[in-house]
Amino acid sequence: MSNTAIFLASAFYLALLFAIAYWGDRRAEQGRSLLKNPSIYALSLAVYCTSWTFYGSVGRAASTGVGFLPIYIGPTLTFLLGWFVIGKIVRISRKHRITSIADFVSSRYGKSHVLGGLVTIIAVVGIMPYISIQLKAVWTSYNVLVGTQHLSTPENLWDDKAFYVALMMAAFTILFGTRHIDATEQHEGMVTAIAFESMIKLLAFLAVGFFVSYSMFDGVSDIYARAAAHQDLSSLLTMSAVEGNWFSLTLLAMVVVIFLPRQFQVIVVENTDERHISQAVWLFPLYLLLINLFVLPIALGGLLYFDQGGVDADTFVLALPLAEGHPWLALFVFIGGLSAATGMVIVGAIALSTMICNDLVMPILLRYFKAKLEARRDMSMLLLFIRRMAILLILLLGYLYYRIIGESYALVTIGLVSFAAAAQFAPVILGGIYWKGGTQRGAIGGLLAGFLVWGYTLVLPSFALSDWLPIAFVNQGPFGIELLKPYNLFGMGGMDHISHALFWSMIANVGFYILISLFDHPSAIERIQATLFVEVDQQTAVNQNVGFWGAQVSVDELRDLCARYIGTNATQRAFYEHAQRREIDVETWDQAAPYTVRFCERLLAGAIGSASARVLVASVVKGKGASLDEMLEVLDEASHVIEYSHQLEQKSDALEQARNELQQANERLMQLDRLKDEFLSHVAHELRTPLTSIRGFTEILHDNPDLDMEQRQKFLQVMVEESQRLTRLINQVLDLARIESGRETWDISEVEMRDVIKHGVETLAQECEKENVELNVDVPKYLSLVLGDKDKLTQVVINLISNAQKIYKGKGGRIDIQLIDMGTHVRVAVKDQGPGLHEDELKLVFEKFYQAKQIGTGNPTGSGLGLAICQRIVSHLGGRIWVESEYGHGATFFFTVPFSDRALKT
């Protein structure tokens, strides 16, 4: 086939990929994201199937029969059985705005830039063999098409066309993925293009599979029958040809399907909705099944057709159509292989360049060249330059590996070297999300140990086999020490090279990680991050402005900071859209609210990573911590009201005609005075009790240093619980003060009301079960999208259920929670079977400081602020809240929230 036809077809396909990516980005900018379709997300995961799958699987099947399957059985098992692990990693990443696998590891272990840099180095070095696979596959397949596959690799660099393939791939990846600095973590255009290329490579492989099976032979059964009758091929139809590494390869593939940098990028970073995983758990395994249907028939067909040998089994998918005079089918298959290679290169290089920029270069620049960086008005071009140079470096290193080692190994063998490198991330990530005891030093020690063993047992031997090191290093060990032979370390033989390297590297990795962690003393930030990651599903929703309450920074300062890193135009557009969403008057927009500071941090995170973004934002923000002063403001206001009532009483004789109005006002104010006194007494008691307890246990711990550890832990647990009790009381007072003063921030968006109720029930389920209180939930099966603040609505639901639970005083009972579609709004009802309320209490229960006395003891519970806060939240969201009760027959609390515009149109 002519070079012109191959070049034009390849150029057209790559241009089409670029156009699809551009279209995907434009749709996202218009608010019509294609990634809302879970099928696109699931198809993008097929970037796992690279040119290794396209060419190498056939080559492996030609020598081991079904021995190629573990590489695909592993991912299938991960998605079918380990979906909950993927879900947890996605939830953690979305909550902490993770941008890469290096960002994930560094954030878990105390937001360590050192650890992030180490992960980046391991990822870059480990991915080199994989990059070389793509270059080797594209170059080899091109030579097969033009009939020059038997030519040796040119000695001169400038005569090696594979070098130009590497440069073209680097240029295409730079154009594809670094056209501008992304202000978000997702690359929607890239994911859309990868989903498209996944379909192309699947169709291409199925096409050649059907051609070989039903055009060259009389079907798959015919191929199997001929192979079974062939003396040299019959063993390929049984397990006898399978190497003894089936289990280790399956386990390896189970791990790396998540932890290869490109897989982590598409599975975790590019995920826009956790619910998409539920479709991926069956669609991705189905894709793997389809693309492997004809692997063995093509391999056997090629061995039968080329029975005299002379054709590399890795190229059967091209050689067979060409031999039968179908060059256009061969060209389509070549495009499929090119698609598989470019997909891996694009996603892998973009993920690695982001890691190099955010976790390696930027921390160094911010640490040692901060003054020079602050002098630059525009950092965006520097960031783009770093990422583009990183992509070029990655491709050139991949080409260098191909030149040095690539010719000595088959595609599959090279790929497994990268797999073993990516597996080193598994212990620190899986341990990090399920074990609080893992520490930063333990993670560094484990990664370093595993990485060094991987290099010693796989990479260095490959250099020796390529004559770059003495072959005696492999055969006799360094300095003739046989116990250190890289393929037979410490005398352990009987395993293939990959299984051997995986065994020893995991022993070193896991061993150092656990041992160092057990004897290490983690810092406070490490313990905090460990809890946040491990207990991500036990944490209740928190305000997204935590950490910026009381922030003092101007909007111009934040705008200037962002402009330096993502460009002036992008910053101006982003801040304008933010102001529109928040209904902010830009003419008077001076001081930044906490949600604007958070918005600035998110904007920067897409350019330089979340950890560096946090550091930069903190450098321009001056803040203060919350204190009891804000709580006391509420009490001061009540005192002013009482003083006003006394003044009115003194003037009542002179204002006889206003006696009735004054008398009513006086009664109301006296009621407030009484409520205030009761509230002050209650707050004083609530504050004194935990403080006394904390002080008492503190003195015990201080005076008894030799107290046994079990008793110390018991006392510390009581102190933690009493501290939490104090925090809840103070938070309620502060919440009410912020809402009434207009200082509260509201995150208004579309909210699924069923999820709100589900979250509220799950939060209190364990406590209700302990008190034998049955929760009966009745919600519709269809969507209930309302316009509101998810955190605030959750707070309302939890408060109402908690109040109903307290009615029973541990004696057991039933609470009914119901969600009803009322046409223009939803209505939520929370019903208990307690003693109920008197008629005169039905409105008073929503007053500040009011506490109903219907529990049975006559003594109120709580602070008297919960329902008042609920009433203000619901009113702000355009709904209303009320209670219906007949004394002696329980009470039902209702509240409504309007549907969103999109929900009303459906």
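# Notebook: a predicted model, looked up piece by piece

**Entry 1. The whole protein.** I began with the surface: the protein exposes about 41,100 Å², and carbon and sulfur atoms supply 58% of that area. The model is predicted, so I kept its confidence values in view. I counted elements next and found 35 helices and 7 strands. Of the 906 residues in the protein, 54% are buried. I then looked at contacts between residues at least 6 apart in sequence; 80% of these join residues at least 24 apart.

**Entry 2. Confidence.** The mean pLDDT of the protein is 81, and 85% of the residues score at least 70. Where is confidence lowest, and where is it highest? It is lowest in helix α29, residues 628-650, with a mean of 46. It is highest in helix α20, residues 426-434, at 94. I also noted residues 540-547, where the pLDDT is below 50. Beyond near neighbours in sequence, that stretch has 18 contacts in the model. Residues 854-860 are also below 50, and that stretch has 11 contacts beyond near neighbours in sequence.

**Entry 3. Helix α20.** I went back to α20 to see how far it is covered. The helix is mostly covered, with 7 of its 9 residues buried. The buried residues in α20 are A426, P427, V428, I429, G431, G432 and I433.

**Entry 4. Strands.** I followed strand β4, residues 813-821, to its partners. Strand β2, residues 773-778, runs parallel to β4, and 6 bridges join the two. One pair I looked up here was E774, whose bridge partner in β4 is R814. Strand β5, residues 825-832, runs antiparallel to β4, and 7 bridges join these two. I817 has V830 as its bridge partner in β5. What do β4 and β5 form together? They form a hairpin with 3 residues between the strands. In the turn, G823 has a positive phi of about 100°.

**Entry 5. Salt bridges.** I wrote down one general point before the list. Side chains of opposite charge can pair when their charged atoms come close. The count for this model comes to 11 salt bridges. I looked up three of them, as follows.

- R275 and D273 meet through their side chains at 3.0 Å, N to O. R275 is exposed, with a relative accessible area of 54%, and the cut-off for exposed is over 50%.
- E752 and R754 form a salt bridge, with their closest N and O atoms 3.1 Å apart. E752 is buried at 9% relative accessible area, whereas R754 is partly exposed at 21%.
- R814 and D816 meet in a salt bridge at 2.7 Å, N to O. R814 is partly exposed, with a relative accessible area of 30%.

Is D816 buried or exposed? D816 has 18% relative accessibility, so it counts as buried, since the cut-off is under 20%.

**Entry 6. A nonpolar patch.** Which residues form the nonpolar patch on the surface? They are W435, V510, I514, L515, L518 and F519, and together they have about 590 Å² of accessible area. I514 is partly exposed, with a relative accessible area of 36%. A patch residue needs over 30%, so the value for I514 passes that cut-off. An α-helix has 3.6 residues a turn, so residues three or four places apart point the same way.

**Entry 7. Two single residues.** T794 lies in helix α33, residues 790-807. T794 counts as buried, at 4% relative accessibility. What does T794 touch, leaving out residues up to four places away in sequence? It touches V756 and H759.

V615 is found in helix α28, residues 610-620. V615 is partly exposed, with a relative accessible area of 45%. I compared its place in sequence with its place in space. V615 and L366 are 249 residues apart in sequence, and their C-alpha atoms are 9.4 Å apart in space.

Key
Residues are numbered from 1 along each chain as its sequence is written. Side-chain values use heavy atoms; hydrogens and water are left out. Helices (H or I, at least four residues) and strands (E, at least two) are DSSP runs, numbered from the N terminus. Buried means under 20% relative accessible area, exposed over 50%, partly exposed in between (1.4 Å probe, protein chains only). Contact means heavy atoms within 4.5 Å. Accessible areas come from the Shrake-Rupley method with a 1.4 Å probe; for residues, only the protein chains shown count as cover. pLDDT is the predictor's confidence in each residue, from 0 to 100. Two strands pair if DSSP finds at least two bridges between them. Patches are made of residues with over 30% relative accessible area and no salt bridge: like charges are joined within 9 Å, nonpolar side chains (Val, Leu, Ile, Met, Phe, Trp, Tyr) within 5 Å. A salt bridge is a side-chain nitrogen of Lys or Arg within 4 Å of a carboxyl oxygen of Asp or Glu.
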